[in-house]
Amino acid sequence: MRPGVEGPTLVLVIAVGVLVGCGVTLLLERSLTRILLGVILLGNGVNALILTGGRAGAAPVVGVAPAGRLSDALPQAMILTAIVITFGLTAFLLAVSYRSWYLTGDDEVPDDIEDRQIRRAAERNEAAVAADLGGEGPDADPEQVDPELPRRLRPGDGPG
């Protein structure tokens, strides 16, 4: 650090660590409410981290102070952008959480059947097979079957 230049305080660095740590811990939970709180805490922790990268000083307006004493405006602009992104992601997760609670009565993220089968195969050290693990078969799975094109739209069929 250069002499005469103040860096971030230890309290701010610890606060960033606590916010990011708690946010990541909550993101790893299965409840969508806790995931939502984790996103909010992680966003605030990252905003505080960006804030520590800025230079303190006078308002970044030309003519108010000498150029060397102005604060850095880039971290402030990045924080404003991060606030908007975090708000949008929070609104989306809140809508997903509400919809999950409305449909199922809880906000737990359910296990996927195919994920469980893949995990069991990995525990047995089996090679992944290209078979359909959902059990429908390739002809009954609507995600894997291309719909039949109408006769008039098939490629290669010209008029007449």
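Predicted model: local features only at pLDDT ≥ 70, side-chain atom pairs only at ≥ 80, totals over all residues.
View 1. Residues are numbered from 1 along each chain as its sequence is written, and side-chain values use heavy atoms, leaving out hydrogens and water. Val18 sits in helix α1, residues 10-27 (helices are DSSP runs of H or I with at least four residues, strands are E runs of at least two, and both are numbered from the N terminus). Together with Leu10, Val13 and Ile14, Val18 makes a nonpolar surface patch of about 370 Å². Such patches take residues with over 30% relative accessible area and no salt bridge, joining nonpolar side chains (Val, Leu, Ile, Met, Phe, Trp, Tyr) within 5 Å and like charges within 9 Å; areas follow the Shrake-Rupley method with a 1.4 Å probe, and for residues only the protein chains shown count as cover.

**View 2. Gly38, a glycine inside α2.** Gly38 belongs to helix α2, which covers residues 32-52. Its relative accessibility is 0%, so Gly38 counts as buried. Beyond its neighbours within four places in sequence, Gly38 touches Gly23, Leu26 and Leu27 (contact means heavy atoms within 4.5 Å). Leu28 is 10 residues away from Gly38 in sequence, and their C-alpha atoms lie 8.5 Å apart.

**View 3. Helix α2 from end to end.** The end C-alpha atoms of α2 are 30 Å apart, which agrees with the 30 Å that its 21 residues should span at 1.5 Å a residue (the expected span is 1.5 Å times one less than the number of residues). Among the buried residues of α2 are Gly43, Gly45, Asn47, Ala48 and Ile50. The cover over the buried residues of α2 includes α1 and α3.

**View 4. The largest nonpolar core.** Five residues make up this core: Leu32, Ile35, Leu36, Val39 and Leu93. Helix α2 gives the most to this core, with four residues. A nonpolar core here is a set of buried Ala, Val, Leu, Ile, Met, Phe, Trp, Tyr and Cys residues joined through side-chain atoms within 4.5 Å. In soluble globular proteins, nonpolar side chains tend to be buried together. Leaving out neighbours within four places in sequence, Val39 is in contact with Leu27, Thr86, Leu89, Thr90 and Leu93.

View 5. Thr90 is placed in helix α3, residues 74-104. With a relative accessible area of 16%, Thr90 is buried. Apart from neighbours within four places in sequence, its contacts are Leu36, Val39 and Ile40.

**View 6. A salt bridge between Glu29 and Arg34.** One salt bridge turns up in a search of the whole structure (a side-chain nitrogen of Lys or Arg within 4 Å of a carboxyl oxygen of Asp or Glu). Glu29 pairs with Arg34, and their closest N and O atoms are 3.5 Å apart. Glu29 counts as partly exposed because its relative accessibility is 33%, and Arg34 counts as partly exposed at 44%.

**View 7. Stepping back to the whole chain.** The protein has four helices and zero strands. Of its 160 residues, 16% count as buried.

Note on methods. Buried < 20%, exposed > 50% of the residue type's maximum accessible area, 1.4 Å probe, protein only.
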